[in-house]
Each structure stands twice: as C-alpha cells, then as structure tokens.
Amino acid sequence: MFVDSVKIHVKAGNGGNGGSYFLHEKYVAMGGPSGGNGGRGGSVIFVGEEGLTTLLDFRFTKIIHAEHGQNGMDKNMFGKSGKDTYVKVPIGTTIIDVNTGVVVGDVTKHGQEVIVAQGGRGGKGNMNYATSTMQAPQYAQPGQDAQELWVRLELKVIADVGLV
C-alpha cells in the first residue's frame, strides 16, 4: 500500500516549573531562597531518511509527542531537560500546518532536520527573584507551554517508469 499524504498531531514537551524552596540546614539560620530553574521541554524534529519511500508508518501513529521538562528542585538544582523526539521521514516530504496552510518545512536531503514543534522554556526558580529589598520571594515562574499543532505530511514522488 502506498500512502502519499497523512495528517498527524504533533506536540512538543512543556517546560518545567521553577522551584519555590528555602534553604533549611542546621548551621544556616536564614538560608534564603534556593529554588532551581525548570528544565526545557523536548522538541519534535523530523529527519530525512534515504531508505524510506512511503508514509505508511504514520497511518498507524497519529500522535507524536516529546518529553516534558522536569520542575526545578531545592538547593538551586535545575530540572532536567526533556528529550527531543526524532522522527524519520522519506526524502521529498513537505510538512504543512493544517490550520493555517503554511509550509512548516520541506525535507530534501538525507539527514536534514526540520524542527516542527519547539519545546517550552523552563520557568525560573525563586532564587532568581531575590533582591536586596525582597530577600525571600515566595513565587517562581511557571514553565512555558509547548507548541502543539496538526500537520499534514505530503510525499512528492517522481515516477520511475513512464508509458507512451
């Protein structure tokens, strides 16, 4: 079976929230804020693969998503960034946003990478908001939401054999 057009849902990972923690240790009386930053969410990246000839794999996999970033932790520890998701597509694939009709990318070479959905940025922890006048901020920035869209993959095919 040959499939030359398919519609799929793509969602990148959300960024992790910043941490709102305070340092409490035995010999540190007023430790101050110690919330770490959240991790970056993973992106969805399409990669051109020379050996593929059809979009048949996407007929059964309708949703592609990346990993979310981890939240910031105490003691100024940053959250882990989410892993990017790499999706192999045949060469000659055009990626089109279904809602707007805009061409997101065009894969023309082997190994070419097209970022379809960008991951969200991680939020800042409360240690970033400490100033000389506000030494114990109790808020942290939430992580940024990721891009989420419906895309249509179209495979441009050149005929190998012609009949006269």
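**Exercise 1.** Is Tyr 139 buried, partly exposed or exposed?

*Solution.* The structure is a predicted model. Step 1: the relative accessibility of Tyr 139 is 43%. Step 2: buried means under 20% and exposed means over 50%, with partly exposed in between. Step 3: Tyr 139 therefore counts as partly exposed. Tyr 129, with a relative accessible area of 25%, is also partly exposed.

**Exercise 2.** Determine how the rings of Tyr 129 and Tyr 139 are arranged.

*Solution.* Step 1: the ring centres are 5.1 Å apart, and rings pair if their centres lie within 6.5 Å. Step 2: the angle between the planes is 45°; stacked requires under 30 degrees and edge-to-face over 60, and the rest count as tilted. Step 3: Tyr 129 and Tyr 139 thus form a tilted aromatic pair. By this rule the count comes to one aromatic pair. Step 4: both residues lie in the loop between β7 (113-117) and β8 (148-155), so the pair ties together parts that are 10 residues apart in sequence.

**Exercise 3.** Describe the open sheet and the place of β1 within it.

*Solution.* Step 1: five strands follow the order β3-β1-β8-β5-β6, with mixed pairing. Step 2: β3 (63-65) and β6 (103-107) are the edge strands, each pairing on one side only. Step 3: from one strand to the next, the twist averages 25°. Step 4: β1 (residues 5-11) pairs with β3 in the parallel sense over three bridges. Opposite Ile 64 in β3 stands Val 10.

How values were computed
Residues are numbered from 1 along each chain as its sequence is written. This is a predicted model: local features need pLDDT of at least 70, side-chain atom pairs count only at pLDDT 80 or more; totals for chains, interfaces and linings use all residues. Side-chain values use heavy atoms; hydrogens and water are left out. Two strands pair if DSSP finds at least two bridges between them. Helices (H or I, at least four residues) and strands (E, at least two) are DSSP runs, numbered from the N terminus. Axes are lines fitted to C-alpha atoms, for helices over the stretch in contact, and angles run from 0 to 180 degrees between N-to-C directions. Rings of Phe, Tyr and Trp (its six-membered ring) pair if their centres lie within 6.5 Å; planes under 30 degrees apart count as stacked, over 60 as edge-to-face and the rest as tilted. Buried means under 20% relative accessible area, exposed over 50%, partly exposed in between (1.4 Å probe, protein chains only).
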